[in-house]
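Here is a short tour of one protein model, written for someone new to structures. Take a look at it first, and then read on.

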Amino acid sequence: MNSAARRIGRTLALVLPVVLVLSGTLAVTRVPWASTSTASQMLTASTGRATTKAGPLARKAPQDVLRDHLLMDLQRRNPSVALTHLQEAVNARPSLAKHCASIARALGEAAVTKYGAPHLAQKYSRPVCDTSYATGVLDGVADGQ
């Protein structure tokens, strides 16, 4: 009986660390912030020299990319679609929440520009980022006068 328990203990001592490492590795690769695109690559020390200057291929900040994408959505469709996508993006990436109000405000201003009248832009108002969209509509009216 004692040798059987020892054998089981040794087996667990060898197998358990391997299982834990593999499950931890798989858990980290499945989180929402892990990139699934093939465009993202890891730069290693052997791939060449690094530069400190931001060249023409410098990346935009995530909130700027989101703002540009949502403004295109607004132009192609309507502000309601853009506001829904804004809410989904903030829910998916909570780090964008601090930029939500400024993006919603920009959408409100763009809606006034698109429709030419605040009442037409305001009918698409949604409770995204409090009243930032409505504030943007008012800013769009003030800029247009």
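## A salt bridge within a helix

Asp-64 and Arg-67 both sit in helix α2 (residues 62–76), three residues apart, which is about one turn of the helix. Helices here are DSSP runs (H or I, at least four residues), numbered from the N terminus. The two side chains meet in a salt bridge, 3.1 Å from N to O. That term means a side-chain nitrogen of Lys or Arg within 4 Å of a carboxyl oxygen of Asp or Glu. Asp-64 counts as partly exposed because its relative accessibility is 28% (buried is under 20% relative accessible area, exposed over 50%, partly exposed in between, with a 1.4 Å probe and protein chains only).

## Another salt bridge

The structure holds two salt bridges. Lys-60 also forms one, with Asp-68, and their closest N and O atoms are 2.3 Å apart. Lys-60 is exposed at 53%, while Asp-68 is partly exposed at 32%.

## A pair of rings

There is one aromatic pair in the structure. Tyr-115 and Tyr-124 are stacked, 5.4 Å centre to centre with 20° between the planes (ring centres of Phe, Tyr and Trp, the last by its six-membered ring, pair within 6.5 Å; planes under 30 degrees apart are stacked, over 60 edge-to-face, the rest tilted). Tyr-124 is buried at 18% relative accessibility, whereas Tyr-115 is partly exposed at 23%.

## How to read this model

This is a predicted model, where local features need pLDDT of at least 70 and side-chain atom pairs count only at 80 or more, while totals for chains, interfaces and linings use all residues. Residues are numbered from 1 along each chain as its sequence is written, and side-chain values use heavy atoms, leaving out hydrogens and water. The chain averages a pLDDT (the predictor's confidence in each residue, from 0 to 100) of 79, and 74% of the residues score at least 70.

Terms used
Helix = DSSP H or I, 4+ residues; strand = E, 2+ residues; numbered from the N terminus.
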